[in-house]
Amino acid sequence: MILLVIFIPIIAGMLVSLIPFQKRSHMEIFLESAVVLNSFLVGYLLLHRPDHIITLANFTGNLSIGFKVDGMSIVFAGLISVLWPFATLYAFEYMTKEKHERIFFTFYTMTYGVTLGISLAANLLTMYFFYELLTLVTVPLVMHTLTREAILASRKYLYYSLGGAAFAFIGLIFIIIYGSTTDFVLGGVLDLERIGERTNVLLLIYVIAFMGFGVKAAVCPFNSWLPDAGVAPTPVTALLHAVAVVKSGAFAIIRLTYYSFGTEFLRGTWAQTVVMLVTMFTIVYGCSRAVKETHLKRRLAYSTISNLSYVLFGVTIMTPLGMVGALTHLTFHAVMKISSFFCAGAIMHQTDRHYVHELDGMGYKMPCVFGVFTVSALALMGVPGLAGFVSKWNLAAAAVESGSRIAYGGIGCLLISALLTAIYMLSIVVRAFFPGKDFNMAALEGINDPDWKMLIPLFVFTILILVMGLYSAPAVKFFNDVAAGIY
Amino acid sequence: MYYIALSVLFPILTGVYLLVRKEIKNRKSLLIQTGIFLVITTVLGVLALCLSGGGILTPFNLTDRLPILFKVDEISILFAVMTMVIFLCAGFFSFIYMEHEEKEKRYYGFYLIVFGILLALCFAGNLITFYLFFELLTLSSMPLVLHTGSREAIMAGLKYLFYSLSGAYMALFGVYFIERYGNTLTFSTGGVISSQAAADNTGILLWIAFLMLIGFGVKAGMFPMHAWLPAAHPVAPAPASAVLSAVIVKAGVLGMVRAVYYIFGVSFLRGTWVQTAWMVLTLITVFMGSMLAYREPVLKKRLAYSTVSQVSYILFGFSVMDAGSVTGGLLHVLCHGAIKAGLFLCAGALIYKTGKTRVEEFRGAGKEMPVLMWCYTILSLGLIGIPPTGGFISKWYLAEGALSSGLSGFSWIGPTVLLVSALLTAGYLLPLAINGFLPGADYDYGSLKKKEPPLLMVIPILVLTLLSVVMGLFPEPLIHYLSLIVEKIL
Amino acid sequence: MDFVQNFPAVSILLCLFGGIISSGLRGKTARYVNRGLLLVVTFLSLCTLCYTLESGEAFVYVMGKFPAPWGNEIRAGMLEAFMAFFFCIIMLLSLEGGKKKLVEEVEEEKVFLYYVLIDLLLASLLALVYTNDLFTAYVFVEINTIAACGLIMIRQNGRTIEAAARYMIMSLLGSGLLLLGICMLYDLTGHLLMSNIKDQAAMLYASGQYRIPLLVTIALMSVGLAIKSALFPFHAWLPDAYGYSTVSSAAILSSLVSKGYIFLLIKIIYRVIGFEVFYDSRIIDVLFAFGLMGMIFGSVSAIRENDVRRMIAFSSVAQIGYIYMGIGMGTQAGMAASVFHILSHAATKSLLFIAAIGLTDVSGGSRKFIDLTGGAYRNKWAGVAFTVGSLSMVGVPLFSGFISKLLFAQAAVQNGTKMLPALIVLGISTVLNAIYFMKTVIRIYTPVEDSAYESVTFKNMKLYGLTLICFIVLNVFLGVSSQPIVDLIERGLTVFS
């Protein structure tokens, strides 16, 4: 079953490039049904979890490729499988203007399977394997447009990701040597007897591995690939560079911190301080760059950088509450950011405008899109009643509860970043709805809201943002259970 | 009890309705609709005040430990009444004033939303509800600021937005900690900080208190985060400025009152460095605001600076934490509300009629519009603190409270600054009245003609003037009522 | 004595005779002889491997009737047999893959010479692998050098001649040092057979006599072999030699010849000097340091290269650095990792060379990156193969490179002082590898509008395609089911000493 959900998308993706479809709509139906079917399978799988590890193959020694479903997997796999069908639907509409659709959808769908592989991996090696694979299947998506810019961006993406993985790999080795197992166990697997005097070395390795996985999660100073990768078609930027890929990085770090090294071992050490400071810096840095950026998608990408570090900040608090905060933001941010990216995509699709200063007065021409955008902007800022507030609240509550002074500083960073978020998001909203007195509305003639295929995902995400903001209790309770190891 | 929810939801929903519906061709029908909405809201608000009687309304929970909670207490009544009166007056005033502006529908839409949110702020029963509506207030009042759509207005709107948000976030920083160290987030007289936590974490809690004061102080235009106010208030249409200056800044005041008297508790803060710092900041603001107003030639800007200074009178009263001064502060909330709203409406009427903006251009206006100018004069006197207006009473209490507080230094520095500032107030408000009535010998009297503004403009101004005078002449019941509140919260 | 025990000696002799016979044959016939030889030797090695695996220990085969310490011996354990087997397979695949190119680049009447050289090379490689006699080893090192020079030079243009000359000079320097070392050892111990020397060396070491001569000897031999296997900083001859020779030569040289020397070095460490003695000399740290530097500088040079063949050649410098790093770690695990990397690099590097030639062929023969743009669409199989090779080099799971990286890193972690430098350089070098290999992969997958070059399909290059597939399978096999091979290596190393 687990293997099925991983391989259905991969195979479906390959089929797309192999089957000679008569019409575009046939391909759409085929793909969408495959993706939806897979999502349902994932749903079924998550509800009826197999309680043992399913081993696919043995590498050397005790290293194997294995899968299992635990709390973290439920969170991440659930998130992905909810978002993917909508994103695919959106992509159908968006990609009408792009070339080489087949190749695009091949890799786009394969990524689904690979990401599920990351989320369902039972041990560090399996996760690492799918993590590398993820890089490889997403590179073609980044270079899709084949402009010089895109190729440079994809190169950069590749170097950064593979390089990061190389350092994460060092962490993997240490877990193999010093851990009692490489399987994920909440609370860590380190064998303290074997470590003996080498605690500091292990901490150093933790930092290195953190930064290694952090490359995908765009931790400063390894973040510059993310805005560049924005040259990809918007469905990619939205789903992969706001959710699947970057969240895989964050997911991997959670696995590394809570399930491999273990918070007992890390809490209160200099390693915690270092990684926490890094995330705090990234939070502020990402936002400030977003404020300076005038290209819409790049601005959102910088915003992603900062928001990812929210998640990581939660991770680095290294308490169960911190993990709850991280998980909350991991899921909630996914919905908020994908929604705002889809708006950006819709704008680009309908009008071919890419820069913030070109958006004057568009709110009147595309009320639905900008309405959704406003909601997501407010949610990202953390207005109570929307999703962002809840996740920030959980993060801050965890930071306060941890009692560490640095974490208090982290709350400060969160709030500074919230302010900067307001600046870079609301300035767009204000432009769109209040273009100024002498703005000539006639210049916007012929622009209107996009097709239903684009609007449906947008509305669904907006509703999700609202629901998450108002009735987050079940979700947060579930995250609490995950952090407590009940699942 | 559900009247609370109704009085909050009704204006917000109708406001949204106005925003999203198609453009209304007939201006009159728009005005009638808006008028009806305003009146119904007020009625609902009054009903809520009268009928809810201390009950608690919890519509839903934001997270399992964060309920959205409304209740009506004395402070709510005070602020809600002021809000409703001023909103009604300014609302009717704008029916005439907004004739020349574009996009009226949008204006009324946001106007109603802000009304609802302000009521919600008054009724908010815990910190998180307060924070929620505090942030929504910023967002929904920003369109009022940048309504005219000029570049200046848009920039001012953004400035307002970002300052306010940064304030809100500072407050939020505190909320996080209070959730941890407090017994509850619900406002309760005497504070919610558990004594254990207060003893263990005094240092951090004091910093939190200070941050929250600064944060809410942004909305109240308190130094050092006041710079947005003189930029934002004048660019809005006059009735909107009135609302902004008279009511919305009071949301900041309300926030500080709630934080100090209902969350931290007076006993925790009294005598700490936070109190000292707060007093210093308010006094600086009082003086600086007056000084800047004195030097400002443009009428509405001058009034905005005046707001900066006057609101800090109120804050000074609260910062002293003495029965007299707090009474004075609460009283000044009402007085300043009525007076400043009135003054802005006057300014609006003057601008509407003459199209001029600078103070020295209004020479002879008193001859042309005597009723208006008389109102202006009386209101000015009130703000300066000359009997028989309410301003005198409130300032009296403020000064007396400060003197009797026994705080070394501040007990005399405070009243001195207040006095100097009162002089400056006279200096910046009265020249207009003097010029208006006594344009001087070289003035061309021939060009004068009667052009009193329409009734719908004059009546709100008259009402506000009247209120300020009544408060000055018959302060007894009000003061009695306020002293009851003060007794409770101190 | 079992019959199988004759096989190692027979295969060496077969190759030698094959070379001699081929010198009188025409090109095509020589090729058949060569292929036949390779197959036979492969089979024989396989038999030896099975035999040793079954017996679980090495056997010594006495050449002629002269007993030790005078006679010449051959010693075959499972590691030796496996190496021989593996080398044959790689050589076979490399030759098949580069056959077409060979026909183009080498003059018709010289083709037979090529196969003569190949046969001799194979003989010397086998001898290096099997021999138990230090002097025999030296002799075959020289034969190896000469044959390799010929392989470089056989494609005659100015650059190859220059490259061959360079190679010759450096190589001879290396063999000279090796010879010096052997002479000194002979002086010190009075023996040439490895096992005998080892006993004597251990005694000398234990008694504390001749400390410095022993150290010098170790240094001479290590440096000599390091020069020959192009360890940084002795790699100057390598890029030209690999970059301009005909593709089969390049593949064989990079994946086999240099590996033969390294294997000899490992043998010397285990079987001549003794692991402990070697470990105690500081030479091991020097090897480690040079290994690390090679990993970095090789990759940096590769990044700066604008010629795909030379880039791959420079990558070899980096990979050889890996191997020396493993040796330099001075642990059993490190050694095992090095041996595994010898295999994995041999499989990968020859794959890359062969795939690269497919790409350059469809790009007008140009090796500049700009011309390679879109090459993978014109020659799909070469593109896929190149990608696989690159991924393996970068160390992506599923491919052999990942396992060697894994083994290296695990070995590093168990070592106290050398752990951090090794791990960090490993990480950096992975990034650098990723940079130049992935750059190339992206380049060849960047389509160009109406390219001037023709594309080839599988039908036009069946043999070439099949070779590539074999290579890919080999790579994935090493990457996925590495456990038996790692076990074999570990057992082999134990049997070694």
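Predicted model: local features only at pLDDT ≥ 70, side-chain atom pairs only at ≥ 80, totals over all residues.
How many helices and strands does the secondary structure of chain C come to? It comes to 22 helices and two strands.

Along the principal axes, the C-alpha trace of chain C spans about 75 × 55 × 45 Å. Of the 497 residues in chain C, 62% are buried. If we take the contacts in chain C with a separation of 6 or more, 79% of them are between residues 24 or more positions apart.

Now to where chain C meets chain A. Chain A puts 25 residues into this contact, and chain C puts in 23 residues. On the side of chain A, the elements that each supply at least two residues are β1 (54-58), α5 (124-142) and α6 (148-178). The largest share is that of α6(A), with 15 residues. What kinds of residues make up the side of chain A that touches chain C? There are 18 nonpolar residues, five polar and two charged. As a side remark, the size of an interface is often given as the accessible area lost when the parts come together. I am giving residue counts here.

Next, chain B. Its secondary structure comes to 20 helices and two strands. The radius of gyration of chain B is 21 Å, close to the 23 Å from the globule rule for 490 residues, so chain B too is as compact as a globular protein of that length. Its C-alpha atoms fill a box of roughly 75 × 55 × 40 Å, again taken along the principal axes. In chain B, 64% of the 490 residues count as buried. Contacts between residues 24 or more positions apart account for 81% of those in chain B with a separation of 6 or more.

Chain B is divided into two parts: domain 1 covers 1-265, and domain 2 covers 270-490. Taken over C-alpha atoms, the centres of these domains of chain B are separated by 22 Å. Where they meet, 40 residues of domain 1 of chain B are in contact with 44 residues of domain 2 of chain B. On the domain 1 side, α3 (74-97), α8 (202-219), α9 (228-235) and α10 (238-264) of chain B each supply at least two residues. Of these helices, α10(B) has the largest share, 14 residues. By type, the domain 1 side divides into 32 nonpolar residues, six polar and two charged.

Helix α2, residues 27-52 of chain B, has 26 residues. From its first C-alpha to its last it reaches 37 Å, close to the 38 Å expected at 1.5 Å a residue. Which elements do the buried residues of α2(B) pack against? They pack against α1 (2-20), α3 and α4 (104-123) of chain B. The buried residues of α2(B) include B:Leu31, B:Thr34, B:Phe37, B:Leu38, B:Thr41 and B:Thr42. Further along α2(B), the buried residues include B:Leu44, B:Gly45, B:Ala48, B:Leu49 and B:Ser52. As for the spacing, an α-helix has 3.6 residues a turn, so residues three or four places apart point the same way. Just after α2(B) comes B:Gly53, which takes a positive phi of about 50 degrees.

Technical notes. Residues numbered from 1 in each chain as written. Chains lettered and ligands numbered in written order. Contact = placed C-beta atoms within 7 Å. Helix = DSSP H or I, 4+ residues; strand = E, 2+ residues; numbered from the N terminus. Nonpolar A, V, L, I, M, F, W, Y, C, P; charged D, E, K, R; others polar. Domains from an automatic or database assignment. Rg over C-alpha atoms; globule rule 2.2 N^0.38 Å. Buried ≥ 20, exposed ≤ 12 C-beta atoms within 10 Å, placed from the backbone. Expected span 1.5 Å × (residues − 1).
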